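Subject: Structure handover

Hello,

Here is the structure we talked about. Please open it first, then read the notes below.

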Amino acid sequence: MVAYVVHGRRLLVLTHDDVPLEIAGVQVPAGTIEHGEAPDVAVVREVLEETGLRTRVVRALGVERFDVWPSKPEVHERHFFQLASVEDVPTRWSAGEQHPSGGGASQRWTCWWTPMEHAHVLCAGLGARLGEIRPDGPVDPDDSSARDVLGADGVPPRSAHPPHGET
């Protein structure tokens, strides 16, 4: 599953400290659903494990399939969620996993909030449902940058191309 944690007009992103940006890219919290675990429970757990941030699900954004070839001969089914923090949020912080679920060495990354208009930099299909995000608070009508990103009505403009399966 994939977590879009939204705070104001910003999205929580992370980069790996020990893996070059050219390899790992800019990511959002994401992870695996444990056996018997509901996707909405898994996404909250993964965000906490990966960032230390306590969150709540705002809405489910759908499911996408992503072919990870050539890195692995697999197709991942990803559940996307918009979340909000339930606590005060730092601007930038270090986080990581001592014992990653896939095994291997501990991992460290840096977390921060990027403006929504920069979210297109997400790697490996993690941005597939960015267009479904809705603001987590009222839009300030005097904030022209919010209008540019979200539209005058506080909603992101829809693409000229409909999402998968819609016409």
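First, a term: a salt bridge is a side-chain nitrogen of Lys or Arg within 4 Å of a carboxyl oxygen of Asp or Glu. The side chains of Glu49 and Arg45 meet that rule, at 3.2 Å from N to O.

Some ground rules. This is a predicted model, in which local features need pLDDT of at least 70 and side-chain atom pairs count only at pLDDT 80 or more, while totals for chains, interfaces and linings use all residues. Residues are numbered from 1 along each chain as its sequence is written, and side-chain values use heavy atoms, with hydrogens and water left out.

**Overall layout**

The chain has 3 helices and 6 strands. Helices (H or I, at least four residues) and strands (E, at least two) are DSSP runs, numbered from the N terminus. Their order from that end is β-β-α-α-β-β-β-β-α. Of the 167 residues, 38% are buried. Buried means under 20% relative accessible area, exposed over 50%, and partly exposed in between (1.4 Å probe, protein chains only).

**The cores**

A nonpolar core is a set of buried Ala, Val, Leu, Ile, Met, Phe, Trp, Tyr and Cys residues joined through side-chain atoms within 4.5 Å. The largest one holds 17 residues. Tyr4, Leu11, Val13, Val28, Leu122, Leu130 and Ile133 touch the most other members. Strands β1 (2-7) and β2 (10-16) each give two or more residues to this core. The largest share, 3 residues, comes from β1. Another core, of 16 residues, lies apart from it and includes Met1, Val47, Leu83 and Trp93.

**Leu126**

Leu126 sits in the loop between β6 (107-115) and α3 (144-150). Is Leu126 buried or exposed? Leu126 counts as buried because its relative accessibility is 6%. Leaving out residues up to four places away in sequence, Leu126 touches Val2, Tyr4, Gln27, Val28, Ala30, Arg78 and Phe80. Ala30 is 96 residues from Leu126 along the chain, and their C-alpha atoms are 8.5 Å apart.

Helix α2 covers residues 39-51. Its buried residues are Ala42, Val43, Arg45, Glu46, Val47, Glu50 and Thr51. They pack against β1, β2, β3 (55-67), β4 (75-85), β5 (92-97) and β6. Just after α2, Gly52 takes a positive phi of about 80 degrees.

Back to the salt bridges. The count comes to 6. Side chains of opposite charge can pair when their charged atoms come close. Arg45 pairs with Glu37, with the closest N and O atoms 2.8 Å apart. Both Arg45 and Glu37 are buried. Arg45 also forms a salt bridge with Glu46, at 3.1 Å between the closest N and O atoms. Glu46 is buried, at 3% relative accessible area. Glu49 lies 4 residues from Arg45 in α2, about one turn of the helix. Glu49 counts as partly exposed, at 39% relative accessibility. Glu34, Glu37, Arg45, Glu46 and Glu49 are linked in a network of salt bridges.

**Gln82**

Gln82 lies in strand β4. At 0% relative accessibility, Gln82 counts as buried. A polar atom of the Gln82 side chain lies 2.6 Å from the backbone oxygen of Arg134.

Best wishes

Conventions. Contact = heavy atoms within 4.5 Å. Expected span 1.5 Å × (residues − 1). Polar contact = N/O pair within 3.5 Å; in protein donor to acceptor, adjacent residues only side chain to side chain.
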